[in-house]
Amino acid sequence: MNKLFLAALLTGALATSAYAADYAIMAPAAPGGGWDQTARTMQEALQTEGISGNVQVTNVPGAGGTIGLAQFANQYAGNPDALIVGGYVMVGAVLTNQSPVSLANVTPIARLTGESDIIVVPANSPLQTMADLVTMLKADPGAVSWAGGSAGGVDHIAAGLVAKAVGVDPTLVNYIAYSGGGEALAAVLGGQVTVGISGAGEFAAQIEAGDLRALAVTGAEPLGDIPTLKDSGVDVVVENWRMVAAAPGITDEQKAAINADIEKMVTSASWTTALETKGWVDMYLAGAEFDAQLAKDIEATSAILKDVGLVQ
């Protein structure tokens, strides 16, 4: 009787532990930024919803995610339990860093979220509006230092497009790249730079606390009472997006299983709540549709980077 009871317990335990993979997610950036937030939000949702029993997150910062991307592609080939987050920033960084490893060397799974960038200044800055910033930028582009994410990413692209839209040579933009949102935030709060540009969620707490003043958002829609660049007279619209990819060399069956888990995650209550809390836009796209869109985005990003002088 006892043996039968123990056998039943063991069978139940094995069935429970087999319901999903124990994922390891790489955030190819320092803690505090958008990719780190995405990875840790995935970790929480996958575990809370019972999709995965154990999810670990590691950070490998540097070069717009290309250092982590190269490490991931080389070390986790064929491993169906390994995931990496990335997105628009990584697409640009691969091009600007002339990285030998690109998203073609991993297995794209899905686009997850979108987010507008936001342009901020310290609360004690003399710049009150986007018009004030434009005036300063036109007078002396080099005197305006921008703190943002990695070179060639959406923050850098947005700064270059703003300069071009107001008649300033985008190659003169004084852009200072940081490997994580936390570092860029510290630079802005410490008055080490003129202006900060990053995902809206990364500056939200400091804006609400009154430590930062928001001048504009880069997306198509205003964020509360924060106007868009277009509403501020700067004809630019650009938005970030983030994705998840799996290791290279996995089977079609393994890819399908990962896709199924990610689909469960993005349709879960935990994920929906996280999007609302962080101000992220649901941009879920998977399968062949995502593969096609990713190819278009890579082509378009290459053209933009050439246009603003970041890629030859």
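The model is predicted, so local features need pLDDT of at least 70 and side-chain atom pairs count only at pLDDT 80 or more, while totals for chains, interfaces and linings use all residues. Residues are numbered from 1 along each chain as its sequence is written, and side-chain values use heavy atoms, with hydrogens and water left out.

When residues up to four places away in sequence are not counted, S99 touches T66 and V94, where contact means heavy atoms within 4.5 Å.

Helix 4 (residues 88–96) also meets helix 11 (residues 287–307): their axes come within 10 Å and cross at roughly 55°. Axes are lines fitted to C-alpha atoms, for helices over the stretch in contact, and angles run from 0 to 180 degrees between N-to-C directions. The two helices, helix 4 and helix 11, are therefore oblique to each other; angles under 35 degrees count as roughly parallel, over 145 as roughly antiparallel, 65 to 115 as roughly perpendicular and the rest as oblique. On the helix 4 side, the contact involves Y88, V91, G92, L95 and T96, and on the helix 11 side L294, D297, I298, T301, S302, I304 and L305.

In helix 8 (residues 200–209), the buried residues are A200, E202, F203 and Q206. They cover an arc of only 140° around the axis and therefore lie on the same side of helix 8; the arc is that of the directions from the helix axis to the C-beta atoms. E208 and A209, on the other side of helix 8, are exposed. G210 follows helix 8 and has a positive phi, near 90°.

Y178 is buried, its relative accessible area being 17%. Neighbours within four places in sequence aside, Y178 is in contact with A147, G148, G149, S150, E183, A184, A187, Q192 and V193. Between Y178 and V60 there are 118 residues in sequence and 14 Å in space, C-alpha to C-alpha.

Conventions: Helices (H or I, at least four residues) and strands (E, at least two) are DSSP runs, numbered from the N terminus. Buried means under 20% relative accessible area, exposed over 50%, partly exposed in between (1.4 Å probe, protein chains only).
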